[in-house]
Amino acid sequence: MHVFQSREQLDAELGTVRKWQRTGQALEASLMFAKAEAHSIGDSLVYWWQDAATLATEDFVGHRRYLTVISPQDGALTVQVAPKMALEPTEPYSDLTDRERFVGVADEVTIPAMAICAFDIDEAYRVVPGQSGAVVTVHVTVEGYSFPNK
């Protein structure tokens, strides 16, 4: 998991890579659209915003083809994250949804408002129930440049 405290930090660290430039564009544009209305930039990402309460799940979600990026807009957001290998699968990977589900014990992290959190492809996460506020979600293709030191 990578947490960038601001868009400026994301741009400084990854801004020379096209898919991360597009991620920044998606974060800026997302709240101009209707809630839960998905949009895309090119073929490398899809984005939308919704209430934190609708993102909360009892189980962990992992992806294989897309990195998940979330950015709470109205206040901090608490998530739990763990390596997939440390969790127990409850639902096999679906190529149609690019999702697999898990249960287990994970680290709890609070993402500050306007920060940007990107989950690695080998991680699963869950938004802790009982939270509110707008959250932007971006699914970014794993193809091409990812994170340094991985």
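Predicted model: local features only at pLDDT ≥ 70, side-chain atom pairs only at ≥ 80, totals over all residues.
1. Packing of α1 and α2. Helix α1 covers residues 7-14 and helix α2 covers residues 18-29. Their axes lie 9 Å apart, and the packing angle is about 165 degrees. Angles over 145 degrees count as roughly antiparallel, and α1 and α2 are therefore roughly antiparallel to each other. The crossing of α1 past α2 is left-handed.

2. Residues in the helix contact. On the α1 side, the contact is made by Arg-7, Leu-10 and Leu-14. These meet Trp-20, Gln-21, Gly-24, Gln-25, Leu-27 and Glu-28 of α2. Divided by class, the contact of the two helices comprises four nonpolar, three polar and two charged residues.

3. The largest pocket. Its volume is about 240 Å³. The lining consists of 15 residues, of which Leu-55, Thr-57, Val-61, Arg-99 and Tyr-125 are the closest to the centre of the pocket.

4. Elements and classes in the pocket lining. Two or more lining residues come from each of β3 (45-51), α3 (52-55), β8 (99-103), β11 and β12 (134-141). The largest share, three residues, belongs to β11. The lining of the largest pocket has six nonpolar, six polar and three charged residues.

5. The cavity search. One cavity of 30 Å³ or more is found when the whole structure is searched. The volume of the largest cavity is about 50 Å³.

6. Residues around the largest cavity. Its lining is formed by Val-61, Gly-62, His-63, Tyr-66, Leu-67 and Thr-68, together with Phe-119, Asp-120, Ile-121, Glu-123 and Tyr-125. By class, six of the lining residues are nonpolar, three are polar and two are charged.

7. Strands around the largest cavity. At least two lining residues are supplied by each of β4 (60-62), β5 (66-72) and β11 (123-127). The largest share comes from β5, which gives three residues.

8. Residues to inspect in both linings. Val-61 and Tyr-125 are among the residues closest to the centre of the largest pocket, and both also line the largest cavity.

Technical notes
Residues numbered from 1 in each chain as written. Heavy atoms only, no water. 1 Å grid on protein atoms, 1.4 Å probe; cavity = no way out; pocket = protein on both sides within 12 Å on 5 of 7 lines; lining within 4 Å. Points joined across faces, edges and corners; volume = space filled by probe spheres on them. Helix = DSSP H or I, 4+ residues; strand = E, 2+ residues; numbered from the N terminus. Nonpolar A, V, L, I, M, F, W, Y, C, P; charged D, E, K, R; others polar. Axes fitted to C-alpha atoms, helices over the stretch in contact; angles between N-to-C directions. Parallel < 35°, antiparallel > 145°, perpendicular 65-115°, else oblique. Left-handed = near helix turned anticlockwise from the far one by under 90°. Contact = heavy atoms within 4.5 Å.
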